[in-house]
Protein chains: 2
Amino acid sequence: MKDIARRAGVSESAVSFALNDRPGVSEATRRRVRQVADQLGWRASTAARALSGEGAATVGLVLARPARTLGVESFFLQFVSGIQEVLSERHLGLLFRVVAGAEEECAVYRGWWAEQRVDGVIVVDPQIGDPRPALLDSLGLPAVVVGGRDVNGEPRAAAPYPVISSVRVDDAAAMGAVVEYLAGLGHRRVVHVAGLPGLAHTTRRIASLRACAARLGMPGVRSVTTDYSEGQGAEATRLALAGTEPPTAIIYDNDVMAVAGAGVALEMGLTVPRDLSVVAWEDSALCRATHPRLTALDRDATAFGRRAAEELVSLLGGGPARDLPQPMPQLVVRDSTAAPRG
Amino acid sequence: MKDIARRAGVSESAVSFALNDRPGVSEATRRRVRQVADQLGWRASTAARALSGEGAATVGLVLARPARTLGVESFFLQFVSGIQEVLSERHLGLLFRVVAGAEEECAVYRGWWAEQRVDGVIVVDPQIGDPRPALLDSLGLPAVVVGGRDVNGEPRAAAPYPVISSVRVDDAAAMGAVVEYLAGLGHRRVVHVAGLPGLAHTTRRIASLRACAARLGMPGVRSVTTDYSEGQGAEATRLALAGTEPPTAIIYDNDVMAVAGAGVALEMGLTVPRDLSVVAWEDSALCRATHPRLTALDRDATAFGRRAAEELVSLLGGGPARDLPQPMPQLVVRDSTAAPRG
DNA sequence: CTGAAAGCGCTTACAG
DNA sequence: CTGAAAGCGCTTACAG
């Protein structure tokens, strides 16, 4: 910056004002300074800016997953990609961290806060009794909780923390759409192979399924929770199909379990969709790659990430904390669902 | 830090020395300072350290993929997870970026360098005529290239750049192992559905396949390149199987294409592995979830990430640039491969 | 072994 | 509209 000031024949502060679009310099000076800066390929040192109270220009994202479940999530990279579209436009960096569990995640937040490494964070996988919002609130670290913290599916009247927004997914409505679709085909016995029991969205889906089943008079409907792995997905499928009143349709909370489940059906001599309909919650290349191609709920992970990042940017800019609804996932009907036999 | 100095009754510099394990303070003082710092939950501001010439304490990682291919890669999250194990131990952050292509990736490196945001980077997906090593070298940004830059599979005599190491995968040997395994089962007509033609490892695998086929006297062997998508994987399979001399085995460069290919075979009335053997290059939950479960090459992505990060840390510490070999991928034989009929 | 001082590269009141 | 100066929170020669 000294260089620029010298070459442009102005003071350092003039350079700072010019480059940051602040009033206090003439248009002509601003242009000249800009030109010199571009010529030199100059970019403000993030460290220096941060030290002068401008914030770290960085957003944090922690993924807490046991190593085993990692890489199964087709959702995640697309979600991050959406986040980046927004952040990079604003020259914000994304500090990314993979940890083993919630406790370590909280430690990471504390560390980032103490080191002033991030200006805000995006929180994923909200849980029942989640300790993270309260922690972030106490640290005063702006955050966007992705997935919504509510359990019963009702939108909140107001955001409970001053700098924590949430981007809510209407799992209840989505589950309703799936169940109604299956009921419309004639299915009465439906099993839901859910994900981790501690997650808020798992609870929401289970509750919604139960409510829908009651409303539509489908008593044979139930949910079982898993760890999202192909092993537990297969096992749950095996148990369900081996029961006395086997389901004619199964809803899986992710794509890998859906594929595993379809495989188990095949192994047991059943044909998809003739003997068993399969729905995957989460569309991906995987759902299109298998044979038959899987009917799936498509969430547009990229748009989702974009939305979350935009909300965090708004929060960092002093915007109010909000509880934002997301567009409902769309059911993409493919070849794995049909009317039950008989 | 001022606070700590006051409470411990020493000067700020003493605090700095004590906390950074530098000589210049007595053991007693060091202990006292440490205690006060812990009490206050103090952590050095990364920005301030960076500004004092300590580096950004951050490592960069750019993933250049078209949005469409994103999320297909089970490899990536595990790789990142391995990187993190090493970085977090050393209190290094990971700045992560997803971009659309190589040009944008280079722009990101320039920006990071100018803003002094990272101390080094990990480079993935080395390409033929890759512009990145030269760029990073000119910027003086330490880097580890993951996958190796060589095309012909020969280890390099020396690292060509002073601060760029590479972690090399022996694709040639791995391909050799797969081909020999298939040849041992009796396969003569093998098709390799490869990934993007510009990538170094694609070229290495194709070259190795050709060499092996020549050595083993398998003239009907060939490679076709794709964009890694399930669509192109399926299409390549369809074309291959519809030909006059259809292959009895297909090697796919990723897991999603392997699944798609197996689906196409099924659709065409073929049974895997009776009529067609399928091998996936990259093991994942996916390979275990499908039915039949896929024989796959397992690379241990986590260990790979760990290795890359360790090498970058060594480079940042002033270590020499090296060309490191990685353990060869292991062939995990499952249910998708068998002797050809007849 | 310890303290006072300069400096890293910016931003921002404060005078001119 | 412009310049000289202080300050952000550290590290590091340099005196004592």
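How do the residues of the surface near DNA strand C divide into nonpolar, polar and charged? In this predicted model, the surface near DNA strand C consists of 9 nonpolar, 11 polar and 4 charged residues. Among the 24 residues around DNA strand C, those that come nearest are A:Met1, A:Ser13, A:Ser16, A:Ser52 and B:Ser13. Both protein chains take part: α2 (12-19) and α4 (46-54) of chain A, along with α2 (12-19) and α4 (46-54) of chain B, each provide at least two residues of the surface near DNA strand C. The most is given by α4(A), with 5 residues.

Of the 24 residues around DNA strand D, the nearest are A:Ser13, B:Met1, B:Ser13, B:Ser16 and B:Ser52. Two or more residues of the surface near DNA strand D come from each of α2 and α4 of chain A and α2 and α4 of chain B. Here α4(B) holds the largest share, 5 residues. By residue class, the surface near DNA strand D comprises 9 nonpolar, 11 polar and 4 charged residues.

Within chain A, the domain assignment gives domain 1 (2-43) and domain 2 (53-342). The centres of domain 1 of chain A and domain 2 of chain A, taken over C-alpha atoms, are separated by 48 Å.

The contact between the two protein chains involves 50 residues from chain A and 50 residues from chain B. On the side of chain A that touches chain B, at least two residues each are supplied by α4, α5 (74-89), β2 (93-99), α6 (102-115), α11 (255-267) and α12 (285-289) of chain A. Of these elements, α5(A) makes the largest contribution, with 8 residues. The side of chain A that touches chain B is made up of 26 nonpolar, 17 polar and 7 charged residues. Because 100% of the interface residues of chain A are also interface residues in chain B, the copies meet through the same surface.

The relation between the copies was also examined. Chain A is superposed on chain B by a rotation of 180° with a shift of 0.1 Å along its axis, at an RMSD of 0.1 Å. The two copies are therefore related as by a two-fold rotation axis.

Chain A contains an open sheet of 6 strands with mixed pairing, in the order β7-β6-β8-β9-β10-β12. Its edges are formed by β7 (222-224) and β12 (330-332) of chain A, each of which pairs on one side only. On average, and with direction ignored, neighbouring strands of this sheet are turned by 20° against each other. Strands β6 (residues 190-193) and β8 (residues 249-252) of chain A run parallel and are joined by 4 bridges. In this pair, A:Val191 is placed opposite A:Ile250 in β8(A). Helix α8 (residues 171-185) of chain A lies across β6, β8, β9 (277-281), β10 (295-298) and β12 of chain A, at about 35° to β12(A). The sheet also receives α11(A), which packs on it and touches β6, β8, β9 and β10 of chain A; the direction of α11(A) makes about 165° with that of β9(A).

In chain B, an open sheet of 6 strands likewise has the order β7-β6-β8-β9-β10-β12, with mixed pairing. Strands β7 (222-224) and β12 (330-332) of chain B are the edge strands, each pairing on one side only. Strand β8 (residues 249-252) of chain B runs parallel to strand β9 (residues 277-281) of chain B, with 4 bridges between them. Residue B:Ile250 stands opposite B:Val278 in β9(B). Helix α10 (residues 230-242) of chain B packs on the sheet and touches β6 (190-193), β7 and β8 of chain B, its direction making about 160° with that of β6(B).

Several local backbone features complete the description. Most residues other than glycine have a negative phi, and most peptide bonds are trans. In chain A, however, the peptide bond between A:Val272 and A:Pro273 is cis, with omega of about 5°, and A:Pro273 is located in the loop between α11 and β9 of chain A. In chain B, a cis peptide bond with omega near 5° links B:Val272 to B:Pro273, and B:Pro273 lies in the loop between α11 (255-267) and β9 of chain B. B:His91, although not a glycine, has a positive phi of about 55°; this residue is found in the loop between α5 (74-89) and β2 (93-99) of chain B.

Key: Residues are numbered from 1 along each chain as its sequence is written. Chains are lettered from A and ligands numbered from 1 in the order in which they are written. This is a predicted model: local features need pLDDT of at least 70, side-chain atom pairs count only at pLDDT 80 or more; totals for chains, interfaces and linings use all residues. Domain bounds come from an automatic or database domain assignment. A residue is near a molecule or strand if its C-beta atom, placed from the backbone, lies within 6 Å of it. Ala, Val, Leu, Ile, Met, Phe, Trp, Tyr, Cys and Pro count as nonpolar, Asp, Glu, Lys and Arg as charged, and the others, Gly among them, as polar. Two residues are in contact if their C-beta atoms, placed from the backbone, lie within 7 Å. Copies are superposed by least squares on the C-alpha atoms of residues with pLDDT of at least 70 in both. Two strands pair if DSSP finds at least two bridges between them. Axes are lines fitted to C-alpha atoms, for helices over the stretch in contact, and angles run from 0 to 180 degrees between N-to-C directions.
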